[in-house]
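Hi,

Here is the structure I promised to pass on. My notes on its side-chain contacts follow below, and I hope they are handy when you open it up.

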Amino acid sequence: MAGKGFTVKKEWDNPIEHPMPAEARVPAEMRVGPVVVTPATVLAPMAGVTDTVFRRFIRHASLFSAEGGESLSPVSEARPGAPSSLESGIETDVTNAQSGCGLLMTEFTSADGLARMRESKRRRYLTFYDDEHPIGAQLFGSNAETLAEAARIVEDTGFDTVDLNLGCPAKRVVGCNGGSGLLRDLPKIGEIFRTVRKAVTIPFTVKFRMGWNEKQIVCVELARMAESEGLNAVALHARTREQGYSGQAQWQWIAAIKQAVTIPVIGNGDIRTPEDAAAMVAETGCDAVMIGRAAPANPWIFRQIAQYTATGTYERPTVEDRYRMIRAYFQMLLDEQEAARDLPRSDRMGETAGKMKQFATWFTHGVPGGAKLRAAIYHARTGAEVLGQVEQFFATRRAEGFTEIAGHDSEDQGSGFPEDALVCD
Ligand SMILES: Cc1cc2nc3c(=O)[nH]c(=O)nc-3n(C[C@H](O)[C@H](O)[C@H](O)COP(=O)(O)O)c2cc1C
């Protein structure tokens with residue numbers, strides 16, 4: 001569901017380099033109703049990205065370290081017998097504290113579609129595994145009853161929380177009054193809050209932008225409404241709909257919401273590093289941080305934040321770590337493809353080779369020579385071909401003696417997100 005007029009650039013506009021604040025740390029815990037989110041970090045919902053394979057990949061990201069390497073290895077060392085990659089299957093006992101990610105979120109799902117879908121397809125859309133708890137499912141739509149019906153389905157499926165999307169800027173969603181389109185109709189939002197709240201007992205949360213544009217900022221009023229209607233937490237992507245992904249997230253609005261409500265406030269927008277996460281907490285007092293684009297570019301970020309919180313420093317992945325990471329993720333995608341082989345085409349998840357290409361693009365940012373790999377896999381047609389290119393690329397890097405990631409490659413300036421990437425929120 002690409003939103004014409006909005007492109008997502010992986011390279012943030014004029015990113016601010018935040019020094020680590022002296023005192024602030026990402027909180028160890030946030031409670032969303034009875035759901036304990038520990039540490040207080042959330043993987044942002046990202047259409048086309050945060051499917052079950054990616055979510056589990058993030059949950060297990062702390063295990064991908066080079067054998068014998070020093071970087072990012074304490075977690076696997078602490079768990080004797082833990083595999084260094086997921087090729088041999090998923091470990092189900094990784095705790096949130098180990099992964100560093102306290103709450104996973106699904107991609108947004110159409111409430112209309114969910115309510116209409118046949119059972120088998122629905123299950124495919126809402127697939128998650130035991131090791132993904134706690135996990136929230138995000139819905140979008142504009143009809144209160146339909147959203148309530150979809151929320152009931154989410155609850156029955158076993159999700160820990162249900163989230164309403166009031167941020168997606170995509171024309172196709174806004175055109176049906178969904179996503180950020182609703183930001184222009186607060187009474188309608190109130191009706192949705194009440195109807196969905198009555199329909200489910202699991203925690204109900206909402207993720208929104210500041211407003212439609214700078215002249216119509218409604219986020220503080222919206223957060224107050226959420227609180228008074230019994231929602232359990234709010235998340236703000238601190239941009240307006242008209243801003244798309246341009247400029248900088250205006251964190252002062254996260255602070256304003258935090259001042260206005262007592263339910264947990266999740267801050268979102270432009271966190272690229274552990275320093276950024278701590279700075280957002282310091283500047284806004286938010287109860288948790290939510291991370292989107294940085295996760296596919298640097299899947300270790302949650303673990304790095306946890307390390308930073310604990311020790312004031314964090315380890316950076318080596319090229320070898322990155323290789324193991326991409327290899328393991330691709331294997332997971334191929335396994336998922338194999339598992340879905342007998343399903344009707346319409347019930348399968350996104351096309352595997354396409355996903356692999358997309359992720360290779362993200363993962364290889366900052367790897368010297370990454371642009372060459374992206375050029376090489378551009379023409380690959382199957383998952384196996386993409387994997388072959390990746391193997392060959394890293395073998396060459398290894399032979400050349402590259403072990404550390406040394407910032408950005410000068411030739412590596414391309415956007416990590418394809419121009420027609422999904423741009424909903
Ligand atoms: C490819 C992509 C897809 C997204 N899809 C969703 C979505 O389905 N639901 C949603 O609430 N936000 C979505 N977002 C927005 C993110 O959740 C997040 O709010 C935004 O990227 C800002 O956070 P960041 O600066 O950490 O990336 C999407 C973002 C991207 C880059």
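A salt bridge here means a side-chain nitrogen of Lys or Arg within 4 Å of a carboxyl oxygen of Asp or Glu. Please keep in mind that this is a predicted model.

With that rule, R293 and D270 make a salt bridge, their closest N and O atoms lying 3.1 Å apart. R293 sits in the loop between β10 (288-291) and α12 (294-297), and D270 in the loop between β9 (265-268) and α11 (274-284), so the contact ties together parts that are 23 residues apart in sequence. Are these two residues buried or exposed? R293 is buried at a relative accessible area of 10%, and D270 is buried as well, at 14%. The pair also belongs to a network of salt bridges that links R239, D270 and R293.

In total, the structure holds 14 salt bridges. Another of them joins R152 to E149, at 3.4 Å from N to O. Both residues lie in helix α6 (residues 144-157), three residues apart, which is about one turn of the helix. R152 is partly exposed, with 33% relative accessibility, and E149 is partly exposed with a relative accessible area of 33%. There is also a salt bridge between E29 and R31, with 2.9 Å between the closest N and O atoms; E29 counts as partly exposed at 39% relative accessibility.

Now for the rings. The count of aromatic pairs comes to twelve. One of them is F57 with Y329, a tilted pair at 4.5 Å centre to centre and 40 degrees between the planes. F57 lies in helix α1 (residues 52-59) and Y329 in helix α14 (residues 319-339), so this pair ties together parts that are 272 residues apart in sequence. Both F57 and Y329 are buried.

F128 and F159 form a tilted pair too, 4.5 Å centre to centre with 45 degrees between the planes. Here F128 is in the loop between α5 (119-125) and β5 (135-140), and F159 in the loop between α6 and β6 (161-166), so parts 31 residues apart in sequence are tied together. Both F128 and F159 are buried.

Returning to F57 and Y329, these residues form one aromatic cluster with F54, F330 and F359.

Last, two charges over rings: the charged end of R56 sits over the ring of Y129, 3.9 Å from its centre, and that of R398 sits over the ring of Y323, 4.7 Å from its centre.

Key: Residues numbered from 1 in each chain as written. Predicted model: local features only at pLDDT ≥ 70, side-chain atom pairs only at ≥ 80, totals over all residues. Heavy atoms only, no water. Buried < 20%, exposed > 50% of the residue type's maximum accessible area, 1.4 Å probe, protein only. Helix = DSSP H or I, 4+ residues; strand = E, 2+ residues; numbered from the N terminus. Phe/Tyr/Trp six-rings, centres within 6.5 Å; stacked < 30°, edge-to-face > 60°. Lys NZ or Arg CZ within 6 Å of the ring centre and 35° of its normal.
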